[in-house]
Amino acid sequence: SEFLVLYGTLSNGNLILMRTALESIRESVNLSNTFLAWVGVVAAIISAVVIVFVSRGITTPLLRLTDISKRMTELDFEAKYQPGRRYHNEVDELGEYMNVMSTTLEHTISELKSANNQMQIDIDKKTQIDEMRKEFLSNVSHELKTPLTAISGYAELIENHMVDPAQETHFAKEIQQNANRLLSLINDIIRLSELDNSENLIHYEQVDLNAIAQECVSNLTVNAEKRGIQLFYEGETCELRADRGMLLELVDNLTANAIRYNNEGGEVHVKVLHENM
C-alpha cells in the first residue's frame, strides 16, 4: 500500500510524524469531484430554466406588442395590450402607451372618415346643384321664348288692327299674363343663383291646378296656331298645396314640348282630372 507521510518538528523540539493511506485520499477527492460535478449540472439546469422563464417573460410581451403594432398598421385597433404580471415593468408601461396611442388613432381616423363622408356629401350636393343650374340655363332661353312669342303675337295682331275691339280686353289680359310668366321665369333665375344658400327656396301655398293649366293653355294658344297644332283643354277644379311658380313652369314645359315636337296639323290635349290611386 502507498502512504502519504508528513513529518515535522514541534516548537518544543519533538518530532511529529503523520502517515495516511493514498487510497483514502483518492476516494475523498473522487467523491468531492463527483459532488462538484453534480452541483454544476444542477446549477446549469436551474440557470437554463431561469433564463428560459426570464426570456419568455420579456419576449412574450414584446411579441404581443409587435403583433399589436402590425394590426395597427392595418387599421385594426381592436387588439389591446394586457399585462401578464402582477407588477409593472418597462414593457408593460410601453404596452399601456401603445393602448393609448391605438385609442387616439382609432378616434382620429373615425373623425377623419366622418369628415370625409360629409365632404363627399357636400361635393355631391354641389355637383347636383351645378348640374341643375346648367340644365336650367340651357333651357332658359326656350322658356323665355314661349311667353315672348305670345306677347309678340298678340301685340302684332293689335298693331295690324286684326283684333275685334271687343277682344282687345281679352288680348290685353293675355299679354299681361304672359308678362307675369316672364317675371316668374326671371324670379326662377334669381332663385337659381341662391341655390347655395341654406334657405328654403320653395314657397308652398294653396293653388288650383285647373286654373294654372288653363293659364298655360291660353298662353300657348297663339304658339300652337302658328304651328298648325290644335290645342284642347279639359279640366276640373283640383286644389293642392305646392309652389305656384314651379307648378306653372312644369305644366307650361309639358304643354310647350307637346306642341314643339308634334306633327304639323296634330293635336295636343291637356286634361286636369281627379283620379283615385
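**Ground rules.** I call a residue buried under 20% relative accessible area, exposed over 50%, and partly exposed in between (1.4 Å probe, protein chains only). This is a predicted model, so I kept local features only at pLDDT of at least 70 and side-chain atom pairs at pLDDT 80 or more, while totals for chains, interfaces and linings use all residues. Residues are numbered from 1 along each chain as its sequence is written, and side-chain values use heavy atoms, without hydrogens and water.

**Entry 1: V49 and its patch.** I looked up V49 and found it partly exposed, at 39% relative accessibility. V49 sits in helix α1, residues 22-73. With W38, V41 and I45, V49 makes a nonpolar surface patch of about 400 Å². A patch takes residues with over 30% relative accessible area and no salt bridge, joining like charges within 9 Å and nonpolar side chains (Val, Leu, Ile, Met, Phe, Trp, Tyr) within 5 Å. The areas come from the Shrake-Rupley method with a 1.4 Å probe, and for residues only the protein chains shown count as cover.

**Entry 2: the overall layout.** I found five helices and six strands in the protein chain. Both are DSSP runs numbered from the N terminus: H or I of at least four residues for helices, E of at least two for strands. From the N terminus, the order reads β-β-α-α-α-β-α-β-β-α-β. Of the chain's 277 residues, 26% count as buried.

**Entry 3: helix α5.** I traced α5 over residues 244-260: its 17 residues reach 24 Å from first C-alpha to last, close to the 24 Å expected. The expected span is 1.5 Å times one less than the number of residues. Among the buried residues of α5 are L247, L248, V251 and I259. At the start of α5, a side-chain oxygen of D243 comes within 3.1 Å of the backbone nitrogen of G245.

**Entry 4: the salt bridge.** How many salt bridges does the structure hold? I found one, between the side chains of R244 and E215 at 3.1 Å, N to O. R244 belongs to helix α5 and E215 to helix α4 (residues 209-226), so the pair ties together parts 29 residues apart in sequence. The term needs a side-chain nitrogen of Lys or Arg within 4 Å of a carboxyl oxygen of Asp or Glu. R244 is partly exposed at 33%, whereas E215 is buried at 14%.

**Entry 5: cysteines.** I looked for disulfides (cysteine sulfur atoms within 2.5 Å of each other) and found zero. C216 is buried at 0% relative accessible area, and C238 is buried at 16%.

Terms used: A polar contact is a pair of N or O atoms within 3.5 Å; within protein, one must be able to donate a hydrogen and the other to accept it, and residues adjacent in sequence count only if both atoms are side-chain atoms.
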